[in-house]
Amino acid sequence: MIRLFKVKEKQKEEAGNANGRGPLKKQSAGELRLHKDISELNLPKSCTISFPNGKDDLMNFEVSIKPDEGYYMGGKFLFTFNVSATYPHEAPKVKCKTKVYHPNIDLEGNICLNILREDWKPVLNINTIVYGLYHLLTEPNHEDPLNQEAAAVLRDNPKAFKSNVRTAIGGGRVGDTYFARCI
Amino acid sequence: MADLRSSSRSRDLDKLLLRPGHLVGPTFEPGAQLRDDLQEYVRILVVGAGGLGCELLKDLALSGFRNLEVIDMDRIEVSNLNRQFLFRLEDVGEPKAEVAAKRVMERVSGVNIVPHFCRIEDKELEFYSEFSIIVLGLDSIEARSYINAVACGFLEYDANDEPLEETMKPMVDGGTEGFKGHARVILPGMTPCFECTIWLFPPQVKFPLCTLAETPRTAAHCIEYAHLIKWDEVHSGKSFDPDNPDHMQWVYLEAAKRAQLFGIPGVTYSLTQGVVKNIIPAIASTNAIISAACALETLKIASGCSKTLSNYLTYNGLEGLHTKVTEFVRDKDCLVCGPGIFMELETSITLKLFIDQLEEHPKLLMSGASVTVRGKNLYMAAPPLLEEMTRSNLAIPLFELMDKSPTGIVHVTGTAGKGDKRQSCLRKLRVAFKANGITDTDMAGGA
Ligand SMILES: [Zn+2]
């Protein structure tokens, strides 16, 4: 193999900066796969996506969801997505930026959604996650609680839960916590 | 005296390099010239100066290589000292790459090791192209994936989709986790690259957040609760830094409190580090064995003194010893190391016409394509927001959008295939622009 190296040395000298290619940016396999996911997005009308860093940074984006049914109807909820270079080997990191009174989303924006963690598979995609989030907003469940109090109310008194959600998304206090208006 | 010593040091190496053999590689030419050439011409980059990196530097220096460089962004911590044998207590806080290079140069005469104390992403691509072989002693998938993309990026193919040997940048990758390890040889274009076989890495175990919040059962649950939920609750806005010992200590104490509350045993500081950083305690002997295998493969690639490992060795020292070599196959459509589909284009063709051509190309039959070139999204068919932002590019010649580079790699996404088999896919294209009687230099000047 050593002859190869000598050949290379020479070639490099000759080639030098002859093929002056612009600044090269390495595109990770994760970025490419995400490019595919994004260009195939098929979101329901109630969901909109935006790219705060412009069209060339797809790895950080935001999805806003405005459910048209269920407890959270009329509210508008913003989720941030952070996708790593090893996507889809690793699931995107998703947080809810809108403070929400929800049994499966805590006040810091952590989300208990199986496909974001234990059930993530590389065959899933961004579309699946957005639908998962939409589903979480239309069908909150008390079985996977992150906000214990909200989960208990949903389980024991759905009417009170409904009223709490209306208070929260209209801008108001539920228990000790203040929620900003998000309608 | 000096001569005697040097000849005794290379005695074992000479047996491999000076004598013919029946297991040698096809280009092997034994002799003193080969030994001298290896010393003079071969430049090796070691990526990582941790447990595996320390071993690799020592092994490669003792294998007769004289031009080594090492890159690592970390500083030495007390907890490294048990296995990263080049480091001493007084080195704590110093950059690993610098201390490792210095220590090996002190002990092995004739070797020159250039340290680089920085992130692998901080170096220009030209930096990586200088090396004959890149040896990886890393513990993260991200870093491997990055170096793999860089090394495979140098690979060029001829018109028959055959890899050009002189553009091939060989990699030797080592990895260890406790008593287990692997060593592999990646010859881009010939053997599977890291991305072809990314499924070899088991996905990280992630516990459901609600389990952490509500029903913790193990010490790891308590640690992840403190790390993922409690941290944010208490430190609004300040992000957790796994390399900050104060942050780690805080997580450990919170986890211990929670473990006590639920009567769960086993939360320790080192387990906290392990869970949060997703690391399994390193075993010095595993590093030594894997490094030796990697150094030997490096010597084989450089000298041709034997056929290389083909292509993935696993080692398990947990119960007795088990080791096995598996020959994995390339993913022919790999986006990183594959040839892609070749297309020759006029310099005048607009992005719109190019996208139309994809529909007629017999190997693609792709409709509704989105196009990306080296991180620039030239056209996105969806979502509407991005479509609008990229639409104006459609009228511009592709050649200009690609900075008038005569050749380049383009990735396209769309619906492709025939009849029932039509499905969405992502393809790599190798495009070359027809010269049109103008030389490359003229075109570069015109830019
Ligand atoms: Zn590959």
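1. The site of the zinc ion is tetrahedral in this predicted model, with angles of 97 to 118° among the four donor atoms. For comparison, the ideal angle for four tetrahedral donors at a metal is 109.5 degrees.

2. The ligands are the SG atoms of Cys193(B), Cys196(B), Cys334(B) and Cys337(B), which coordinate the zinc ion at 2.2 to 2.3 Å. Along the sequence, these donor residues follow the spacing C-x2-C-x137-C-x2-C.

3. A polar atom of the Ser370(B) side chain lies 2.8 Å from the backbone nitrogen of Ala381(B).

4. Leaving aside residues up to four places away in sequence, Ser370(B) touches His35(A) and Ser39(A) in chain A, while within chain B the residues touched are Tyr379(B), Met380(B), Ala381(B), His411(B), Val412(B) and Thr413(B).

5. As to confidence, chain A has an average pLDDT of 87, and 86% of the residues score at least 70. Over residues 14-23 of chain A, however, pLDDT stays under 50, and the model has five contacts beyond four places in sequence for this stretch. Where pLDDT is low, the predicted coordinates should not be read in detail.

Note on methods: Residues are numbered from 1 along each chain as its sequence is written. Chains are lettered from A and ligands numbered from 1 in the order in which they are written. This is a predicted model: local features need pLDDT of at least 70, side-chain atom pairs count only at pLDDT 80 or more; totals for chains, interfaces and linings use all residues. Side-chain values use heavy atoms; hydrogens and water are left out. Donors are N, O and S atoms within 2.8 Å of the metal (3.2 Å for Na, K and Ca); water is not among the atoms, so sites may look incomplete. Four donors count as tetrahedral if all angles lie between 85 and 135 degrees; four count as square planar and six as octahedral if opposite donors are over 155 degrees apart and all others between 65 and 115; anything else is irregular. A polar contact is a pair of N or O atoms within 3.5 Å; within protein, one must be able to donate a hydrogen and the other to accept it, and residues adjacent in sequence count only if both atoms are side-chain atoms. Contact means heavy atoms within 4.5 Å. pLDDT is the predictor's confidence in each residue, from 0 to 100.
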